[in-house]
Amino acid sequence: MRTGNLFDVAIIGGGLAGLTSALHLAKEGVKVVLFEKHSYPNHKVCGEYVSNEVSPYLSKLGVDPITHGAVPISKFEISTKEGNIVKSDLPLGGFGISRYSLDDLLYQKASQYANFIFDTVERVSFEGEKFDLTTVSKDVYQAKFVVGAFGKRSVLDNFLGRKFIQQKSPWLGVKAHYEYDLNKDTVALHNFEGGYCGLSTVETGAVNACYLATYDSFKTTKNVDDFQRKIMSQNPRLAHFFDSAQPLFKKPITISQISFQKKNPVEQHIFMIGDSAGLIHPLCGNGMAIAIHSAKLFSELFLSAHKNETMRREDLEKKYSEVWKKTFNRRLQTGRFIQNLLLRPTTADFGLRIAQRFPSIVPRIIKETHGELLV
């Protein structure tokens, strides 16, 4: 069924990037519709630590995670798979909050201004300077501009023929909440054979454990519990965690085929934001902030052109691609470099010894994957 409404902007995906962009644009009078397949709130595989770089921006949008229980975080620690550890202050600090709460907080705010449709977009076509978006329910919506915020992998990536989707990824992610005595002001990263696990406290007081592992490492065991016991627990710090922590989920949630391949910020006239535009390695602890930051980049460029009536699509696409790459390319490259270093035992141990001897190097490396305050 074809609907009669023509929206200024249609956003596909209601994660952090999509919700933030919907809120920013709709508050400024842009006619926005956001498509999301799941109602709120719900849990997602995510590290659930957010850098303070986005705090001023969220505040401008009327969103304050701290008043909703987010836990201030100011310290960082990292261990090798043998359990050797380095500790550091976080240059900007951050906060811990579950996606269950943060997504819902943004949704409650954005739904005051934007239209929400809980359905899955399976086809997007562009003709005559407007888009047709067809959902699984076979409804067709029209929009002048489309923003892709559909995450790490989507049926639309296949539909659009994006290059990265054709390549198999060796990574899978697992996340669950636990009752555990972790220093609330600390985000920890513990390495193991074939991956790494992040621990941080969220607004409920639970500890979020989210880890990334290679299939080669995981397939040597029977299941998640077996993998945590036999592989991850070779790191004594993770062994202590899994021996002591009490799971709060019936079972962990998982995601497969996580791709860190390069992606284009614009595909077939669709503006990509968040993980749809590029994914930083989770060990850098900054994916949530980058998603929110990318929403800000697009929203500000769009509003500037929209308000000044200088809406040349080609110019906007070119400008967004340039700004996105300038803002994030180096951070993503640094993330890939750090991951490659940590997954090699020799270089990981050597890097840790250097960091132990010269601890000031750790905050400098963190700064390479984090941005400045977004004012």
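Okay, let's start with a pair of side chains: Glu-267 forms a salt bridge with Arg-162, and their closest N and O atoms are 3.4 Å apart. By salt bridge I mean a side-chain nitrogen of Lys or Arg within 4 Å of a carboxyl oxygen of Asp or Glu. This pair links distant parts of the chain, with Glu-267 in strand E16 (residues 266-267) and Arg-162 in the loop between helix H4 (155-160) and E10, 105 residues apart. Those element names are DSSP runs numbered from the N terminus: helices are H or I with at least four residues, and strands are E with at least two.

Are Glu-267 and Arg-162 buried or exposed? Glu-267 is buried, and Arg-162 is too. Buried here means under 20% relative accessible area, exposed means over 50%, and partly exposed is in between, using a 1.4 Å probe and protein chains only.

Before I go on, a word on what you're looking at. This is a predicted model, where local features need pLDDT of at least 70 and side-chain atom pairs count only at pLDDT 80 or more, while totals for chains, interfaces and linings use all residues. Residues are numbered from 1 along each chain as its sequence is written, and side-chain values use heavy atoms, with hydrogens and water left out.

Back to salt bridges. How many are there by this rule? The count comes to 17. Another one joins Asp-103 and Lys-44, at 3.3 Å from N to O. Asp-103 sits in helix H3 (residues 99-110) and Lys-44 in the loop between E2 and E3, so this pair ties together parts that are 59 residues apart in sequence. Asp-103 counts as buried because its relative accessibility is 1%, while Lys-44, at 22%, counts as partly exposed.

Now compare a pair inside a helix. Arg-229 and Asp-226 meet in a salt bridge of 2.7 Å, N to O. They are 3 residues apart in helix H6, so about one helical turn separates them. Arg-229 counts as exposed, at 53% relative accessibility, but Asp-226 is buried, at 3%. And there's a network as well: salt bridges that share partners join Lys-44, Arg-99 and Asp-103.

Where is Cys-46? You'll find Cys-46 in the loop between strand E2 (32-35) and strand E3 (49-51). Cys-46 is buried, with a relative accessible area of 10%. Contact means heavy atoms within 4.5 Å, and leaving aside neighbours within four places in sequence, Cys-46 touches Arg-99, Lys-175, Asn-208, Cys-210 and Met-288. Cys-46 and Val-174 are 128 residues apart in sequence, yet their C-alpha atoms are 8.5 Å apart in space. That loop between E2 and E3 also holds Pro-41, and the peptide bond from Tyr-40 to Pro-41 is cis, with omega near -5°.

Let's zoom out. The protein chain has 11 helices and 17 strands, and buried residues make up 57% of its 375 residues. Among contacts between residues at least 6 apart in sequence, 73% join residues at least 24 apart.

What about the inside? A nonpolar core is a set of buried Ala, Val, Leu, Ile, Met, Phe, Trp, Tyr and Cys residues joined through side-chain atoms within 4.5 Å. The largest one has 73 residues, and Val-9, Val-32, Leu-133 and Tyr-320 have the most contacts inside it. Helix H8 (residues 287-307) gives the largest share of this core, 11 residues. A second, separate core has 24 residues, including Ala-188, Phe-192, Cys-197 and Ala-245.

Which residues of helix H7 (residues 236-244) are buried? Leu-238, Ala-239, Phe-241 and Phe-242 are. Seen down the axis of H7, the buried residues fall within an arc of 160°, so they line one face of the helix; the arc is that of the directions from the helix axis to the C-beta atoms. What covers them includes strand E10 (171-179), strand E11 (186-192) and helix H6 (224-230).

Glu-129, in the loop between strand E7 (121-127) and strand E8 (130-135), has phi near 65°, a positive value in a residue other than glycine. Lys-138, in the loop between E8 and strand E9 (140-148), has a positive phi as well, near 70°.
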